[in-house]
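Here's a quick briefing on the model you have open.

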Amino acid sequence: MSEHISGELLSSYIDDETDEDEKAIIERHLGICLDCHNEFVNLTLLKEQILKEYLMVDIPVSMEDHVMAKIQQSISQKSSSFINHAAIFVVLSFALVGMGATGPFLSIGLHIFNTLFSIAGGLMYAITSILSAIPYMVEAISAVIFILIVLAIFILRYLVNTLAKTVEAGDIS
Amino acid sequence: MVNDLHQIIIEAKKGDQNAFRQLVTAYKGTVFRHAFSLLNDRMEAEDVTQEAFVKAYYSLPKLENEFAFVSWLTRVVTNLCYDKNKKLNKKKLAESEELIENVRMPNASSPIEQSIAKMTIKEAMEKIPLEQKNVLILREIQGYSYSEISELLQIPLGTVKSRINTARENLRKELEKG
């Protein structure tokens, strides 16, 4: 090996990430080439300095307390948010039932419901009449519905798989 | 020790808060060092560390393989640091200009030692791209092998090799610039 060792190979050698053949060639070369030997020494020193610099960093002592406090805080926030939503739902339900049962809202509500029911009935009759008049329409609609259901199952499976991978990667909070 | 930690992870997965607290104790050093080396800011690193553990607490039940906990946690921290770094980028750039204070080393002999005297490693690290810094930290501080880094960051092995080499070259350039 007459030419110098490439930076990438020397870098891998310092990290002990070369195979036995590469290692032997590099070590033979380092024994005869001062430039590469100096490069090797400098890179090794740099490596040691990085390690020393960051291992000296003081680790926060009360980290556990802070983390557990944050977890408790988020748990209580979630439960209080649930209680608030439940309370709002119950109050609104009672209010609606109360208004419907006691006030003029009952007769108006019944009237609206009756009208809507009549419209829906009329529409159903009209649609079924049109469909029965066209040949093979029912079969065609059934086929389209079947295709849509299969497509929806595939999309759902894909979404579930993607979500599972994202969760595993720790991207979901 | 490894078996103990594995058992603690299983307990924490079931929602045992004491077990999770033990996990924080066991890994806070690794997580904090990683965050600190990427962000170069103690307060921000503390925030990211806390956030990573809170995230871990809620996502832990979904972790399929307990033995992959550390690499999974490292990925969470890395992602959080990337996000945080985007937010802090402009601010950090301005601060890094002010941070460059010369730290003289007595009897510096080799070129690296002489350049270290001009600029500390931490300051030089701040100048290199985050992707390069990340692979270098994963290798030097966390002790991951090239193949583990490749798996963890989901990048080819060749990219890991070249990125580590480029990171070292850039770091040296920054140190030589002083």
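Let's start inside chain B, where B:E44 and B:K84 form a salt bridge with their closest N and O atoms 3.2 Å apart. That pair ties together distant parts of the chain, with B:E44 in helix α3 (residues 42–59) of chain B and B:K84 in helix α4 of chain B, 40 residues apart. Keep in mind that this is a predicted model.

- Leaving aside residues up to four places away in sequence, B:N85 touches B:L39 and B:L130.

**Salt bridges between the chains**

- Over all chains, the count comes to 15 salt bridges, and the interface of chain A and chain B has 8 salt bridges across it.
- B:R139 pairs up with A:E17 in a salt bridge, and their closest N and O atoms are 3.4 Å apart.
- This one crosses between chains: B:R139 sits in helix α7 (residues 130–140) of chain B, while A:E17 sits in the loop between α1 and α2 (20–32) of chain A.
- Are the two partners buried or exposed? B:R139 counts as buried at 15% relative accessibility, whereas A:E17 is partly exposed at 23% relative accessible area.
- A:K47 and B:E140 meet through their side chains in another salt bridge, at 2.7 Å from N to O.
- Because A:K47 lies in helix α3 of chain A and B:E140 in helix α7 of chain B, this pair joins two chains.
- B:E140 is buried, with a relative accessible area of 7%.
- Which residues are linked in a network of salt bridges? A:D15, A:E17, A:K47, B:R139, B:E140 and B:R168 are the ones linked this way.
- The side chains of A:E53 and B:K122 also form a salt bridge, with 3.8 Å from N to O.

**The interface as a whole**

- Chain A puts 42 residues into the contact and chain B puts in 50 residues.
- About 4,600 Å² is buried between chain A and chain B, with 60% of it on carbon and sulfur atoms.
- Polar contacts across the interface come to 18 residue pairs, with both residues at pLDDT 80 or more.
- On the side of chain A that touches chain B, the elements giving two or more residues are α1 (7–14), α3 (34–55), α4 (63–102) and α6 (137–168) of chain A.
- Sorted by class, that side of chain A has 19 nonpolar, 10 polar and 13 charged residues.

**Chain A on its own**

- Of the 173 residues in chain A, buried residues make up 20%.
- Among contacts in chain A with a separation of 6 or more, 48% come from residues 24 or more positions apart.

**Helix α8 of chain B**

- Helix α8 (residues 146–153) of chain B has B:Y146, B:I149, B:S150 and B:L152 buried.
- Why do the buried residues of α8(B) line one face of the helix? Seen down the axis of α8(B), they fall within an arc of 170°.
- After α8(B) comes B:Q154, which has a positive phi near 55°.

Technical notes:
Residues numbered from 1 in each chain as written. Chains lettered and ligands numbered in written order. Predicted model: local features only at pLDDT ≥ 70, side-chain atom pairs only at ≥ 80, totals over all residues. Heavy atoms only, no water. Contact = heavy atoms within 4.5 Å. Buried area = accessible area lost by both parts, 1.4 Å probe. Salt bridge = Lys/Arg side-chain N within 4 Å of Asp/Glu carboxyl O. Polar contact = N/O pair within 3.5 Å; in protein donor to acceptor, adjacent residues only side chain to side chain. Helix = DSSP H or I, 4+ residues; strand = E, 2+ residues; numbered from the N terminus. Nonpolar A, V, L, I, M, F, W, Y, C, P; charged D, E, K, R; others polar. Buried < 20%, exposed > 50% of the residue type's maximum accessible area, 1.4 Å probe, protein only. Arc of directions from axis to C-beta.
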